[in-house]
Amino acid sequence: MKPHALASAVALLTTLPAWADNNTATHPLEEIVISSSRIAMPLREVGTSISVVDAEEIRARGFNSLQDILRSQPSVAVSNNGGPGKVSSLRIRGEEAYRTRILVDGIDISDTSAPQVGPRVEQLLSSGVQRVEILRGPQGLMYGADAGGVINISTRAPGDGIGGDVSAEAGRYGSRQFAANIGAGNDTVDGNLSLADYRSDGFNSRTDDIDPADDDGYDNTTVHGRAGWNISEQLRLELVARDVEGDSAYDGCFTSDTFAPSNRCSDSYSQQSWRTAASFRGEQLQHELAYSHSETERQNFTAGLPSFGTEGSLSRVSYLGSYSTGDALQLVYGVDHEEQELDDGTFDTERDQTGVYLEYQGRLGDSLYFTAGGRYDDNEDFGSHDSWRVSAAYMLPVGASELKFKSAWSTGFRAPSLYEIAYNRSFFASPPAADVSLREERSEGLDIGVAWYSASGLVLEAIVFEQTVENEIFFDLTNYSGYLQGSGDSDSSGVELIAEVPLPMQLQLQGNYTYNDTETAAGGHRVYRPRHLANIGLQWQAPSAPLALGLHLRASRDARESDGSALDNYEVLDLNARYTLAAGLDVYGRIENLLDQDYEEIPGYRTSARAAHAGLRYSF
């Protein structure tokens, strides 16, 4: 086996899906995904629910923020507080944003300085992203017991020789972005460097901001690099490094001296992270040993003066292995040790957690595929816990087409975060929160689905899901006393419908609909969760001209506030276009919110009006 071919196989084996372009297969069921069990598996063998966003779709939609691309996928909802760079919550199947684990080339980008330790999705740019896999439902087995859903992001990867692209674009609200991606590789070494600089003057985020009624801008500079060395046909070393600097103006803060309300607010976000891994691939055994580390710093300002700052770090040592005796048996196993730290000037605390897991994968003939696995976690503050997952997929040929039945059941737990614990024990807390001794949350999820894969390219899929979180932790928004805990189960259940329909005249129709019914342990509404989500996309590629067009409709219905009152229903239509001027040279554009829909995702916070953007890209 040539070293560069080995590198591709090893990359698919691990959580670093570096050569994702080679992942595309002619038949959807043969597409290789890695997120379900952290090893390469054809989609036909996967019983869990996964959606994939490839480089072509990312480029076609054109959004600068990756969260605006992710929200087009089944069961993914985003709540944004007033434009680019403003605090956002991305929820999968109605679960809280901090239960979503996001990996970028294997790096966990969770912000340990945040109260609930979750990813800052508003700081993720789409530039340089090659592929995204979204794994829905509790996924404690492979990714840590608190993972209520996983988003696995792969950046651009080099091929043989030198290649890349440079682009520049500008649009409404004074937005502009300059981006470059360059990679080089041969049989022995390879590397890629991605740079993106985004600026926007923004718009006035809050509807009640009249002093001053100013725009709230956002700046983001992201640098991401990866390098690999194929020491032999079996051994590869890889290093990934990432730096994100984001500055955002917003409304609704307090001065640091008199605690008077102010709308002259800004937030500075900085995260530096890196990961190194050694991978070995044998005939039956595969191994990966990795270490990753990230440091996050946030600083808030009011009228230019520092008001609140916090720092956090996340370190992880992990081992991932697999053993295969052939198609009928495979074992996947691993160990990871994680250390979290938080320091905000008042709370300075840290915690360790160690996990061990094993999954058995088997098959009966070419029709039935199944997995069963367990995980043991030892948390420094909350002791030991077990997590489980079983899944199955059954393929039924129907003429030249195939029918797939699948199901997965999984569990997990989440220990209270360092901030939640420290806050309730501090002088900031008051009854009733001060009298609450927080316990770990426990989660459980089940989904059952059926999918039709036609020989003509038609794909239809329906999934029924139900998830519960026991002892859900939440902040007391009535008395502002601290963090409280529900005494029963919070529920999220629903249906996902997904379709890909090839049409005549070079047209392609894609769509998904999610019905999501959520309820707190007390029987109330879980806030900002739309009961109905829908996405419809229509793409057209000119058969004899270098022109591509796309229309995308996103709709939301029946989201609620904490008091049960209804939020805005809305439909947002986006238009994108691309025209090839010469070999490697494209001009592209998009109109976001084409029909100028006026709506709010969070009460009191504006969303973008109609906005046109245009750019030029050269690929080499």
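Buried here means under 20% relative accessible area, with a 1.4 Å probe and protein chains only. In a regular strand the side chains alternate between the two faces of the sheet. Strands are DSSP runs of E with at least two residues, helices are runs of H or I with at least four, and both are numbered from the N terminus.

This is a predicted model, in which local features need pLDDT of at least 70 and side-chain atom pairs count only at pLDDT 80 or more, while totals for chains, interfaces and linings use all residues. Residues are numbered from 1 along each chain as its sequence is written, and side-chain values use heavy atoms, leaving out hydrogens and water.

Two strands pair if DSSP finds at least two bridges between them. Click on Arg101 and you will find Val150 as its bridge partner in β11. Leu103 stands opposite Asp108 of β7. The two strands make a hairpin with 2 residues between them, and Asp105 in the turn has a positive phi of about 50 degrees.

**Then, the cavities.** The structure holds 15 cavities of 30 Å³ or more. A cavity is a set of points, on a 1 Å grid over the protein atoms alone, where a 1.4 Å probe fits but cannot get out; lining residues have an atom within 4 Å of a point. Grid points are joined across faces, edges and corners, and a volume is the space filled by probe spheres set on the points.

The second largest cavity holds about 450 Å³ of space. Of its 34 lining residues, Arg101, Asp108, Tyr143, Arg316 and Glu338 are the closest to its centre.

For the largest cavity, of about 620 Å³, select Phe63, Asp68, Arg71, Glu592 and Ser608, which lie nearest its centre among 39 lining residues. Strand β14 gives the most to this lining, with 4 residues.

**Last stop, Ser324.** Select Ser324 in strand β21 (residues 305-326). Ser324 counts as buried because its relative accessibility is 16%. Its side chain reaches the backbone oxygen of Leu329 at 3.4 Å.

How values were computed: Buried means under 20% relative accessible area, exposed over 50%, partly exposed in between (1.4 Å probe, protein chains only). A polar contact is a pair of N or O atoms within 3.5 Å; within protein, one must be able to donate a hydrogen and the other to accept it, and residues adjacent in sequence count only if both atoms are side-chain atoms. On a 1 Å grid over the protein atoms alone, a cavity is a set of points where a 1.4 Å probe fits but cannot get out, and a pocket is an open set with protein on both sides within 12 Å along at least five of seven lines; lining residues have an atom within 4 Å of a point.
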